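This report covers aromatic ring contacts and charges placed over rings. The sequence and structure come first.

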Amino acid sequence: MARKNYIEQQRQKEKERALLQYYTRRHFLKESAMGLGGLALGSLLGCHRKPAVAPIVFDPAHPLIPKLPPFPGKAKNIIYLHMAGAPSQLELFDYKPELQKMDGQDCPPSLLAGKRFAFIRGVPKMLGPQAKFAQYGESRAWISEHLPHFSGIVDEVSFLKAVSSDQFNHAPAQLLVHTGSPRLGRPSMGSWVTYGLGTENQNLPGFVVLTSGGKFPDAGKSVWGSGFLPSVYQGVQCRSEGDPVLFVKDPDGMDRDLRKASIDAINAVNQQEFAEYQDPEILSRISQYEMAFKMQISVPEVMNIRDEPAYIHELYGTQPGHTSLANNILLARKLVEKGVRFVQVFDWGWDSHGTEASLAIDIGFINKCRQVDRAMTGLILDLKQRGMLEETLVVWGGEFGRTPMMENREGKPNPFKGRDHHTDAFTIWMAGGGIKKGYVHGETDEIGYSAVSGKVDVFDVQATILNQLGFDHTRFTYDFQGRPYRLTDVKGKVIKEIINT
């Protein structure tokens, strides 16, 4: 009995101590020291400035509620097709007959002086185009034999032939394209878009990611992370084979009612925690639990392509039950049709160095082209026939381009034909969402090495995408660590030449 009384007395003392810590001024000052210091520093630095435009209204209890952009946008949804590894523009879109004449010759010193490459050392040989080209459509766009289906829709797209980057390694270049910074920690484009616009279907994530090719992009999941934005805006990865989202099914012995009761119990605890700490991230966590419960019904339905008619499978070249780029591109259409705001498709395997057959520009690269050609063409045709293309912006590209010279890794010829990373000029195309049809912007020199007109960079591409959604990229910001951040950082201009007026 004495021991029991002693334990009870100790518990009472612990309770009294906890209450004192919670309510006393000393405890408040101890816990808030960094916050008070930050407020003081912010006032000294002038961080009390008024925002340039009305800020995005963030409701942590309903973070994905649909929002209107600052001005009317032509596009409501984005499908971004990223070919991770960087496809060669010289075998697809940038026809250079003069480069063919130089095939096998030593690279001119002017192309090497002052330049840094990922793997080229010494003096490499020039490599002529490993494909035949022809002109197609009323726009007379040059397309290689590797994309026979795509050649039929060139009048639906705008080509950016002179895109540049300042990153020649995959991971930082991919981060730059999708987050506006080559370093970790910044929000991805899809996160920015769903933060600014929400999504039209509250039973599905606003930002969905689909991967193929057997590996993640070199930058990993950071290319669809939310960075310093609330975590609810990060991309949700779905799979085209097996469960679309891991653990989306209830385990054996747990029915739908029991699952709902467990989520209600978890969120009751979260509500208590929010009442104590007033941290809006807790409300985001609550909404994510609720979203996960809704996704158990909505995601398996929308991710099922088996019920698509035969002509759709023929159009895309899909194979239900497999993991493939074609399946993911069809899923992208289904997702935006159901109201998902941003769908990011990553396909790994486009790094054509020539170190092995699968990475050879005349072997593995051709196989990758076969995998994407019919599917990306089918996507444009399918969106158009459904009346969705005008409100859906489709973007296709990689993180940089490939060199006109053959890669000689560490000064030694590679066993297969390949090209090194190239940042000075590569091709991205866009379609739908208010983008001009059958238009080519920019031009490279006679061997495809440098831009001679219409040069743009990845920040310009980002600014243009945001513009089509109804955002001025210079004023679409989020305050973090004492300053406003934006997707395009301090750069970028809208590429007005490719926009329908």
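Which residue lies over the face of F159, and at what distance from the ring centre? K161 does, at 6.0 Å.

## Basis

This is a predicted model, in which local features need pLDDT of at least 70 and side-chain atom pairs count only at pLDDT 80 or more, while totals for chains, interfaces and linings use all residues. Residues are numbered from 1 along each chain as its sequence is written, and side-chain values use heavy atoms, with hydrogens and water left out.

## Charges over rings

A charge sits over a ring if NZ of Lys or CZ of Arg is within 6 Å of the ring centre and within 35 degrees of the ring normal. Besides K161 over F159, R409 has its charged end over the ring of F119, 3.6 Å from the centre.

## Aromatic pairs

The whole structure holds 22 aromatic pairs (Phe, Tyr or six-membered Trp rings with centres within 6.5 Å; planes under 30 degrees apart are stacked, over 60 edge-to-face, the rest tilted). F207 and F342 are edge-to-face, because their centres are 5.3 Å apart and their planes stand at 80°. F207 belongs to strand β5 (residues 207-212) and F342 to strand β7 (residues 342-348), 135 residues apart; strands are DSSP runs of E, at least two residues, numbered from the N terminus. Both F207 and F342 are buried (under 20% relative accessible area; exposed is over 50%, partly exposed in between, with a 1.4 Å probe and protein chains only).

F228 and F480 are stacked, 4.6 Å centre to centre with 15° between the planes. F228 is in the loop between β5 and β6 (236-238) and F480 in strand β16 (residues 478-480), so this pair ties together parts 252 residues apart in sequence. F228 is buried at 11% relative accessibility, whereas F480 is partly exposed at 29%.

## Cluster

F228 and F480 also belong to one aromatic cluster, with W192, Y195, Y233, F471, F476, Y478 and Y485.

Conventions
Helix = DSSP H or I, 4+ residues; strand = E, 2+ residues; numbered from the N terminus.
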